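Please look over the briefing below alongside the sequence and the coordinates. It concerns a ligand site and a contact between chains.

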Amino acid sequence: MQNRVETQREDGGMASESIARLEQVTKTYRMGPVLVEALSCVNLDFKAGEYVSIMGPSGCGKSTLLNLLGCLDRPTSGAYFLGTEDVSHLSDDDLSEIRGSRLGFIFQSYNLVQQLTVVENIEVPLYYQGVRADLSRQRASELAARVGLGDRLDHKPFELSGGQQQRVGIARALANDPLVILADEPTGNLDSRSGAEILHLFDELHGQGKTLIMVTHDDDVARRSQRVIRLRDGRVESDVYN
Amino acid sequence: MFTTKPHAKHALRKAFAPVRLWRTVRLGVRSLWLHRLRSLLTLLGMVFGVCSVIAMLAVGEGVSHEAQEQIRRLGSSNIILRSLKPDEDKRPSTQRSYVIEYGLSYADLKAIREILPNVRLVVPARIIRSYVFNATRRIDGEVFGTVPWYPEMRNVRMVAGRFFGDEEMETKKNVCIVSTVAAETLFPIDSPLGRNVRVGSDYYKVIGVIEPESSRVNSGANADASSGRSEGSTLSRVYIPLVAAKERFGEVLVKRRSGSFEAERVELHEATVQVAQQDQVEETAAIIADVMNDRHKKKDYEIVVPLELLRAAERTKQMFNLVLGAIAAISLIVGGIGIMNIMLASVTERTREIGIRRALGAKRRDIIIQFLIETVILSGAGGVIGVAIGIAIPYFITLFAHVMTIVTFWAPMVAFSISGLVGIVFGIYPAMRAADMDPVEALRHE
Ligand SMILES: Nc1ncnc2c1ncn2[C@@H]1O[C@H](COP(=O)(O)OP(=O)(O)OP(=O)(O)O)[C@@H](O)[C@H]1O
Ligand SMILES: [Mg+2]
């Protein structure tokens, strides 16, 4: 897996190796007697190092797609290959392990643990990976510094602005050095200046070869990514490279 | 060109499981500390449960210990026979002055000995301090009224002659046995056997010399321990038949009332039957009860079996402990339910946190452990505080109410372990609820 990421960078940004691939993925929710098809027959292939935006009207299934990609949920049918492994039928524990070791999440509402400090929030994924306390503290501090919060290590989330909280979220998503970073409307709750800061960080990460998949409603935001996928009613409407 | 760092999990070494557990405990403490008042109120149920159990146990233990001590002092392999004055209203009230005869007699003891030759019948001897004369020689001695089997009862040896027998006992013969010390003082030259000594106005014929008993009784089998001269006058004894002693030295107790008098004649106030094996006590007591029942028309005696009293006391204590256990169980369950209630609320409140942790790699068991540890910390802290208060309360009860209390070692241990156990039992369900949440739903929760 590791090698693929590296090889891909040598291609100079031209995605070649598949890092996440959806094959005929369908997700249906049962609402009483009615079946809601949130995703139907989605086929998507994400390459290592790609920076992808997912767009579409509200309720079209963007979050559902992202949750599937993030192994938070299993598809109703179809296959999901993360790397070369089909993870669509793995056990709950295995999915937790995959999330903890290979995936990073960034949420619209930041989702920081309120009683933990900045550095402790960044440490959460490392804690579940069983990383030694001193090493995890060191790594979390480095990451906090990298997102510009080196002087806020012991602050609680409620003492930070929205933009700062989202930067903690980004640092936390980077803690386990994930294969793919998944962000659901990361700038949705932010003013344009804070949003711009976050997007700047994303550009940096992309430049460093990270694979980023981001849901957004904003065309300006989407324009900064390499590839834009548009969904409508649970289907892929368009999939274009910028 | 290699901009991607080596994967985190290769670079960062893993921690030992116990270290992680310790971090989880610290996290739990912090979460509880965040809601200090709520946590404190939740613990109170546990605190009251545990401390009341320990305090009640301590009082119960103290009371039953005192009771058992009293009984044990009577001797658990003994059967005690006592003379009992019959009910007064059964006596003719027309008689103005009378003498009542009641109670144990020497003949009763003889009958018991015939049926149960293997038991030791200890009779408290009557001791009268008196001068004992041989013509002009005089000692300040003890006149000892006793039973014919006294030497074997006390395990003392005859030095010369013999002890008195049943015949001499029953006929109240004026015979006596002198201790070696008394013999040497009163009869320094010739043998005392067949001679007479005078006590008060009565003469007693010396039929035997006995070794001083203190040397044997006090220092075990060491019979030749310099014949115990240091024991002084206590060894200058003269043994006479008990019945004779009763008569000569006045066993009649006279009570005077306005114009009349009432006298009591009791041959023996008390006798103790020593049974060799404790498991034969009840059987022996039953036989003695039969014998006594045959011999006495009135119930002018009582048979006290300390072992039975002890058993009864133990049964009472067991009952007490059972009731206490029930109370304890109820209060701990109530405490546990309180904790469970709060934990369920906490789980709901922290749904978002659970979702975050699950998304970031927490397995179901990580969530279970996190919440279980919080519950155990709560109930364990309640247990510790409860134990501390529970140990302090009996101390103050003893101090102010002067009631004996005993905090046994195991009472705090058991109470504390149970509080921990309650934490686990009542923590499982909320923890499972937390772990069973769907990560996506939990993340969406607001
Ligand atoms: N747990 C669920 N139960 C039932 N239906 C659901 C569930 N989750 C999502 N849906 C349905 O699936 C569809 C897609 O939802 P999703 O949250 O993916 O939309 P979205 O594109 O993220 O919308 P938005 O832009 O508003 O966030 C919606 O019609 C929604 O009602
Ligand atoms: Mg959405």
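The notes that follow take up the ligand site and then the salt bridges.

This is a predicted model, in which local features need pLDDT of at least 70 and side-chain atom pairs count only at pLDDT 80 or more, whereas totals for chains, interfaces and linings use all residues. Residues are numbered from 1 along each chain as its sequence is written, chains are lettered from A and ligands numbered from 1 in the order in which they are written, and side-chain values use heavy atoms, with hydrogens and water left out.

**Shell around ligand 1**
- Ligand 1 is surrounded by 14 residues (a heavy atom within 4 Å), and the closest are Ser58(A), Gly59(A), Lys62(A), Ser63(A) and Thr64(A).
- Because the surrounding residues come from chains A and B, the site is shared between chains.
- H2(A) gives the largest share of the shell, 3 residues, where helices are DSSP runs of H or I with at least four residues, numbered from the N terminus.

**Polar contacts of ligand 1**
- Among the polar contacts (pairs of N or O atoms within 3.5 Å), a polar side-chain atom of Lys62(A) lies 2.7 Å from a ligand oxygen atom, and one of Thr64(A) lies 2.6 Å from an oxygen atom of the ligand.
- From chain B, a polar side-chain atom of Glu441(B) lies 3.2 Å from a nitrogen atom of ligand 1.

**Salt bridges**
- Over all chains the count comes to 36 salt bridges, each being a side-chain nitrogen of Lys or Arg within 4 Å of a carboxyl oxygen of Asp or Glu.
- One of them pairs Arg30(B) with Glu120(A), whose closest N and O atoms are 2.5 Å apart.
- Arg30(B) lies in helix H2 (residues 17–34) of chain B and Glu120(A) in helix H4 (residues 118–128) of chain A, so this pair joins two chains.

Key:
A polar contact is a pair of N or O atoms within 3.5 Å; within protein, one must be able to donate a hydrogen and the other to accept it, and residues adjacent in sequence count only if both atoms are side-chain atoms.
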